[in-house]
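Here's a quick briefing to read alongside the model. Have the sequence and the 3D view open as you go.

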Amino acid sequence: MDVTLAAGSAWTDPACPVARAVDLVGDRWSLLIVRDAMDGATTFTEFHQRLGIARNILTDRLRKLVEHGILDRRAAADGRRHAYRLTDAGQDLFTAVVALRQWGERHAFTPDEPHSVLVDGQGRELPRLHPLGQDGTPLSAETSRVRKTSASG
């Protein structure tokens with residue numbers, strides 16, 4: 001399923017992939033719902049308990065994430081409620097969530113302040129993400145640029 005903006009909405013900056021991503025998942029609650037879905041939450045109750053979010057806001061964000069193709073909603077095994085699962089597009093947000101987590105570890109905590117740690121299947125912390133060029137050299141904002149598309153295509 002392709003990720004799309006909800007009907008009746010307009011892209012903030014139609015030619016910019018960052019702006020489109022923010023339009024789809026850029027609010028605080030949506031990203032935290034995606035994070036918790038990656039951590040195993042599947043039901044409204046689980047998201048509500050983990051996040052402490054108001055029920056009406058959770059309902060709205062889950063609906064939007066389903067509309068945007070980030071989550072899929074199905075009947076839960078008990079048949080009384082819905083289960084939410086990340087779509088392929090939602091799973092593709094893993095790298096972005098890891099990048100935000102690692103940025104937060106470096107810049108949102110004091111050096112001695114405890115925080116959760118993301119680990120692999122063997123319990124080892126994930127290595128720091130680094131964008132690399134085609135030749136394997138590290139890239140940064142100073143060593144890369146955006147090539148704009150022409151509107152006349």
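Predicted model: local features only at pLDDT ≥ 70, side-chain atom pairs only at ≥ 80, totals over all residues.

Residues are numbered from 1 along each chain as its sequence is written, and side-chain values use heavy atoms, with hydrogens and water left out.

**Overall layout**

- The protein chain has six helices and two strands, where helices (H or I, at least four residues) and strands (E, at least two) are DSSP runs numbered from the N terminus.
- Reading from the N terminus, the order of elements is α-α-α-α-β-β-α-α.
- The C-alpha trace spans about 55 × 50 × 25 Å along its principal axes.
- Of the 153 residues in the protein chain, 25% are buried (buried means under 20% relative accessible area, exposed over 50%, partly exposed in between, with a 1.4 Å probe and protein chains only).
- Take the contacts (heavy atoms within 4.5 Å) with a separation of 6 or more: residues 24 or more positions apart account for 41% of them.
- The protein chain carries 20 positive and 20 negative charges, and their mean positions are 4 Å apart.
- For that charge count, Lys and Arg are positive and Asp and Glu negative, with His and the chain ends not counted; each charge is placed at NZ of Lys, CZ of Arg, CG of Asp or CD of Glu.

**Tyr 84 and Phe 44**

- Tyr 84 sits in strand S2 (residues 82-86) and counts as buried because its relative accessibility is 8%.
- Not counting residues up to four places away in sequence, Tyr 84 touches Ala 41, Thr 42, Phe 44, Phe 47, Leu 62, Val 66, Leu 71, Asp 72 and Arg 73.
- Tyr 84 and Val 66 are 18 residues apart along the chain, with 8.5 Å between their C-alpha atoms.
- Phe 44 belongs to helix H3 (residues 44-51) and is buried too, at a relative accessible area of 19%.
- Beyond four places in sequence, the contacts of Phe 44 are Arg 55, Leu 58, Thr 59, Leu 62 and Tyr 84.

- Asp 36 is in helix H2 (residues 28-38), and it counts as buried because its relative accessibility is 5%.
- Leaving aside neighbours within four places in sequence, Asp 36 contacts Ala 41, Phe 47, Arg 50 and Leu 51.
- The largest pocket holds about 450 Å³ of space.
- It has 13 lining residues, and the closest to its centre are Leu 31, Leu 32, Arg 35, Val 97 and Arg 101.
- H2 gives the most to this lining, with six residues, while H2 and helix H6 (94-107) each supply at least two.
- A pocket here is an open set of points on a 1 Å grid over the protein atoms alone, where a 1.4 Å probe fits, with protein on both sides within 12 Å along at least five of seven lines; lining residues have an atom within 4 Å of a point.
- Grid points are joined across faces, edges and corners, and the volume is the space filled by probe spheres set on the points.

**Gln 91**

- Gln 91 is found in helix H5 (residues 88-91) and is partly exposed, with a relative accessible area of 45%.
- Outside four places in sequence, Gln 91 touches Met 38 and Leu 86.
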